Amino acid sequence: GSLQVELPDSSWQEVLRELWFQRLEGRPSVFEHVFLGNLTEDLSGEPIAGGLHCWVKFYLEELRGTAKYLGYIYNDPDVGLSDNRFVSGKFVWDHQGYKLVKDQGGFFI
């Protein structure tokens, strides 16, 4: 079945505000992760790029000289390259004093 919840508009606004903008345990909010990017760590504790799924922000970082796109990565290139709404690739990003690598990240276009 489907889950339906009736909430007044003000309650929905609060739910959305918490989902997108609340920081938990010192981690960035979902908004920060998706639209701004963040410093995170891989399983071995090495710093890596997290988030940064907004192509406009990535483009601005490229213009500043702080990010470099290193090419596309798709599990199935024929399918991936045929969908022009999404780009998947590898990049390097100079952020907070680190040269962060994102082995595979994606942007909705």
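Q: Is D94 buried, exposed or partly exposed?
A: D94 is partly exposed, at 34% relative accessibility (buried is under 20% relative accessible area, exposed over 50%, partly exposed in between; 1.4 Å probe, protein chains only). This is a predicted model, in which local features need pLDDT of at least 70 and side-chain atom pairs count only at pLDDT 80 or more, while totals for chains, interfaces and linings use all residues. Residues are numbered from 1 along each chain as its sequence is written, and side-chain values use heavy atoms, without hydrogens and water.

Q: What does the side chain of D94 meet?
A: The partner of D94 is K99, and the two side chains form a salt bridge at 3.3 Å, N to O (a side-chain nitrogen of Lys or Arg within 4 Å of a carboxyl oxygen of Asp or Glu). K99 is exposed, with a relative accessible area of 62%.

Q: Which residues do salt bridges with shared partners join into one network?
A: That network consists of K57, E61 and R64.

Q: And how many salt bridges in the whole structure?
A: The search of the whole structure finds 7 salt bridges. Among them is the contact between the side chains of R23 and E32, at 2.3 Å, N to O. In this pair R23 is exposed, with a relative accessible area of 55%, whereas E32 is buried, with 18%.

Q: What about K90, which residue does its side chain meet?
A: K90 forms a salt bridge with D103, at 3.7 Å, N to O. The pair links distant parts of the chain: K90 belongs to strand 4 (residues 86-95) and D103 to strand 5 (residues 98-108), 13 residues apart. Strands (E, at least two residues) and helices (H or I, at least four) are DSSP runs numbered from the N terminus.

Q: Changing topic: which residues form the nonpolar patch on the surface?
A: The patch is formed by V5, L7, W12, V15, L16, L19, W20, F21, V30, F35 and L36, which together have about 950 Å² of accessible area. Patch members have over 30% relative accessible area and no salt bridge; like charges are joined within 9 Å, nonpolar side chains (Val, Leu, Ile, Met, Phe, Trp, Tyr) within 5 Å. Accessible areas come from the Shrake-Rupley method with a 1.4 Å probe, and for residues only the protein chains shown count as cover.

Q: Which helix gives the most to it?
A: Helix 1 gives the most to the nonpolar patch, with 6 residues. Helix 1 (9-21) and helix 2 (30-36) each supply at least two residues.

Q: So where does V5 lie?
A: V5 lies in the segment before helix 1, and V5 is partly exposed, at 46% relative accessibility.

Q: How many aromatic pairs are there?
A: The whole structure holds 8 aromatic pairs (ring centres of Phe, Tyr and Trp, the latter by its six-membered ring, within 6.5 Å; planes under 30 degrees apart are stacked, over 60 edge-to-face, the rest tilted). One of these pairs, F31 and F35, is tilted, with 5.0 Å centre to centre and 35° between the planes.

Q: How many residues apart are F31 and F35?
A: They are 4 residues apart in helix 2, which means that about one helical turn separates F31 from F35. Both are partly exposed, F31 at 30% relative accessibility and F35 at 33%.

Q: Which residues form the aromatic cluster?
A: W20, F21, F31 and F35 make up one aromatic cluster. Of these, W20, F21 and F35 are also listed in the nonpolar patch.
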